[in-house]
Amino acid sequence: MRQGQILSAIGKGLAVIVALGATCAGVYYVYSINFPAKLVEVNSLTDEERMNMETSEEQEARIKREQQAKTELLGLDAIYTQAYLLNSAYDYLYAQKNFKMARAMLESHRDEAQTPFGRYRYSVSIDALDKRHGSHDYTTMIETIDAWVALDPDAYLPKLIRAKLNMRLAWIARGDGYAHNVAGEDWETYRAHYERAWRELLVARELNATDPEITAALAEAAIGTGRGMEVMRTYHDETLALNPHHVSVRFTMIHYLQPEWYGSFEEINAYLDECEDALAEFPYLYVVFRAGASLTDDREGWGRGEQW
């Protein structure tokens with residue numbers, strides 16, 4: 001039912017978002033996806049004609065823009081995914097155990113987040129650190145963060161990351177099946193991880209009350225600890241007060257508004273209405289509308305009467 005809104009947002013995103021998250025040695029290079037007419041004319045030439053016309057600087061700039069154009073064909077999701085996966089803080093933290101550099105990079109992303117995309121980049125920088133890549137496993141990742149906390153006990157970032165790791169471990173223990181299919185001991189492990197995360201997040205918030213990634217994590221933890229939708233909504237709203245264009249906290253809300261959790265299709269639609277102003281300011285939020293539309297347009301696939 002919101003196809004027009006989604007297409008409109010995609011159109012705005014192609015015109016507005018300038019976000020190829022290519023990175024080299026921790027430095028982001030952002031290229032515009034709005035190409036001047038001159039570029040189109042140059043691209044109509046043969047390779048030999050083009051090379052003869054361009055200086056080395058122009059050639060380098062053209063190659064970068066053409067690479068961006070190819071990336072654009074993958075869709076906006078792929079552009080942001082590159083910024084997500086090429087986050088050097090992950091390597092500093094888990095491969096090099098260089099806590100000082102990891103903290104410096106994350107704080108730099110946080111302090112420079114003056115635009116919607118800048119805030120999104122910081123958000124995904126944090127989100128990337130609770131996911132396993134390559135040879136890393138969750139046991140050694142937790143041990144790494146434990147070591148960081150021991151060396152820097154007054155820093156809130158390692159506590160935030162350790163809390164998010166515990167929430168991920170909670171879901172690994174629980175599995176993704178329906179609630180009545182989860183074994184009792186798996187529920188106990190799930191709840192223990194979430195309670196550990198909740199306590200850690202509250203400590204992190206005492207150390208830094210202005211980082212929206214803490215309140216976004218608390219919104220999720222409110223459900224995992226059984227504190228309910230009212231508490232979750234409180235932290236959701238606090239997150240948006242700190243970052244009006246926060247993406248992942250909106251996905252958290254959409255997820256738990258599903259009928260199989262604590263909501264309904266009507267509540268999903270009402271929630272999407274709330275997001276429209278933010279969408280106009282940050283078109284990448286179309287992914288939230290797309291997710292909501294896919295749920296409400298597929299009602300026949302739901303309504304099984306079971307709870308996750």
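Residues 24 or more positions apart account for 64% of the contacts in the protein with a separation of 6 or more, where a contact means heavy atoms within 4.5 Å. The model is predicted, so to speak of a local feature pLDDT must be at least 70, side-chain atom pairs count only at pLDDT 80 or more, and totals for chains, interfaces and linings use all residues. Residues are numbered from 1 along each chain as its sequence is written, and side-chain values use heavy atoms, with hydrogens and water left out.

The protein holds 17 helices and two strands; these are DSSP runs numbered from the N terminus, with helices (H or I) of at least four residues and strands (E) of at least two. Of its 308 residues, 47% are buried. Here buried means under 20% relative accessible area, exposed means over 50%, and partly exposed lies in between, with a 1.4 Å probe and protein chains only. The accessible surface comes to about 15,000 Å², and carbon and sulfur atoms hold 53% of that area. Accessible areas come from the Shrake-Rupley method with a 1.4 Å probe, and for residues only the protein chains shown count as cover.

In soluble globular proteins, nonpolar side chains tend to be buried together. The largest nonpolar core in this model has 70 residues, and Leu93, Tyr94 and Ile161 have the most contacts inside it. Such a core is a set of buried Ala, Val, Leu, Ile, Met, Phe, Trp, Tyr and Cys residues joined through side-chain atoms within 4.5 Å. Ile161 lies in helix H10 and is buried, with a relative accessible area of 1%. Beyond its neighbours within four places in sequence, Ile161 is in contact with Leu93, Tyr94, Leu106, Leu129, Ile145 and Trp148. Ile161 and Asp130 are 31 residues apart in sequence, yet their C-alpha atoms are 6.5 Å apart in space. Tyr94, with residues up to four places away left out, touches Leu129, His136, Met141, Thr144, Ile145, Ile161 and Leu165. Helix H10 (residues 157-174) also carries Asn166, which is buried at a relative accessible area of 4%. The contacts of Asn166, again not counting residues up to four places away in sequence, are Ile142, His193, Arg196 and Ala197.

Two further helices are worth a look. Eleven of the twelve residues of H8 are buried, so this helix is largely enclosed by the rest of the structure; among them are Arg119, Arg121 and Asp127. At 1.5 Å a residue, helix H8 (residues 116-127) should span 16 Å, and its end C-alpha atoms are 16 Å apart, which agrees. The expected span is 1.5 Å times one less than the number of residues in the helix. For H12, twelve of the 13 residues are buried, so this helix too is largely enclosed by the rest of the structure. The 13 residues of H12 should span 18 Å, and the end C-alpha atoms are 19 Å apart, which agrees. The cover over the buried residues of H12 includes H8, H10, helix H11 (184-207), H13 and H14.

The largest pocket has a volume of about 740 Å³. Its lining has 30 residues, of which Asp127, Lys131, Glu220, Ser248 and Thr252 are the closest to its centre. Helix H5 (76-85), H8, H10, helix H12 (212-224), helix H14 (248-256) and helix H17 (286-296) each give two or more residues to this lining, and the largest share, seven residues, comes from H14. The buried residues of H14 include Arg250, Thr252 and Tyr256. There is one cavity of 30 Å³ or more, and the largest cavity has a volume of about 40 Å³. Residues lining the largest cavity include Arg119, Tyr120, Asn243 and His245. On a 1 Å grid over the protein atoms alone, a cavity is a set of points where a 1.4 Å probe fits but cannot get out; a pocket is an open set with protein on both sides within 12 Å along at least five of seven lines, and lining residues have an atom within 4 Å of a point. Grid points are joined across faces, edges and corners, and a volume is the space filled by probe spheres set on the points.

Lastly, Lys97 is found in the loop between helix H6 (88-95) and H7. Lys97 has a positive phi of about 55° although it is not a glycine, and is partly exposed at a relative accessible area of 42%.
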